[in-house]
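Let's take a walk through this fold together. Have the sequence and the model open as you read.

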Amino acid sequence: MSEDSNPAATPTPCQDIQGDGRWMSLHNRFVSDSKGKEPDVLFVGDSLVQLLHEFEVWRKLFSPLHALNFGVGGDATQHVLWRLMNGELDYISPKAANEPEISHIHRKRLTSALKNKVVVLWVGTNNHGHTPEQICGGIMAIINVIHQKLPHAHTLVLGLLPRGKSPNPLRERNASVNALVQAEVASLSHVSFLDMDPGFIHSDGSIAHQDMYDYLHLTPQAYQRVCQPLHERIKSLLDKHAP
């Protein structure tokens with residue numbers, strides 16, 4: 001499916017239906033944040049990424065890894081795609097200097113900045129009205145943009161979580177997206193997939209509010225469960241690609 005015919009893979013700014021310009025303001029803040037910092041880990045995605053920043057697990061596990069959080073609540077793949085194509089990745093890895101002579105300190109800083117980074121991508125559950133194939137296409141389009149702009153980075157795609165207290169079509173859709181994405185990235189050396197579901201669905205098919213307080217977003221204890229293996233995977237990727 002071509003990106004032109006796939007709305008999930010067509011870069012689209014989020015419509016400002018509230019009228020306060022928050023989405024674009026957040027995007028501009030992220031672009032600004034990326035200029036002054038040299039993150040080793042960049043989280044990109046929707047509210048599940050954004051809210052992670054508010055919990056202790058972020059300060060304990062991810063802040064020490066020099067991580068930035070570019071999550072925006074409500075974002076679908078086409079919104080993340082637009083953000084990444086319009087500046088949010090442009091300052092993450094400084095380009096090599098053109099000058100033939102650069103100082104030892106500058107060279108050391110540049111080497112550090114150009115080392116492999118990890119981009120954690122968690123998006124797709126908000127792609128309402130899109131098919132699993134379209135959502136997978138959107139995720140792959142994002143991966144391609146990350147690889148173009150950060151060729152030394154490794155993209156870690158996080159599996160979509162089940163949602164809703166009881167079995168429903170969106171659970172099935174998210175599971176299909178995960179299977180499609182996993183198959184697509186299996187042969188790519190610069191991408192890997194991580195299943196984020198530690199077993200939220202009980203034997204009777206229900207999801208507990210102790211794990212997802214609104215049957216979509218995670219509680220602090222649920223973040224702890226999903227973030228421990230995520231932290232271990234990120235650490236492994238950073239160690240593997242250390243210069």
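**Aromatic rings and the sheet**

Start with F43, W58 and F62, which ring pairs join into a cluster. Rings of Phe, Tyr and Trp (its six-membered ring) pair if their centres lie within 6.5 Å; planes under 30 degrees apart count as stacked, over 60 as edge-to-face and the rest as tilted. This is a predicted model, where local features need pLDDT of at least 70, side-chain atom pairs count only at pLDDT 80 or more, and totals for chains, interfaces and linings use all residues. Residues are numbered from 1 along each chain as its sequence is written, and side-chain values use heavy atoms, with hydrogens and water left out.

The structure has six aromatic pairs. In one of them, the ring centres of W23 and W82 are 5.5 Å apart with planes at 50°, so the pair is tilted. W23 belongs to helix 1 (residues 22–36) and W82 to helix 4 (residues 77–88), so the pair ties together parts 59 residues apart in sequence. Helices (H or I, at least four residues) and strands (E, at least two) are DSSP runs, numbered from the N terminus. W82 is buried at a relative accessible area of 16%, where buried means under 20%, exposed over 50% and partly exposed in between (1.4 Å probe, protein chains only).

Now turn to the sheet: five strands form an open sheet in the order 2-1-3-4-5, with parallel pairing. Two strands pair if DSSP finds at least two bridges between them. Strand 2 (67–71) and strand 5 (191–194) are the edges, each pairing on one side only.
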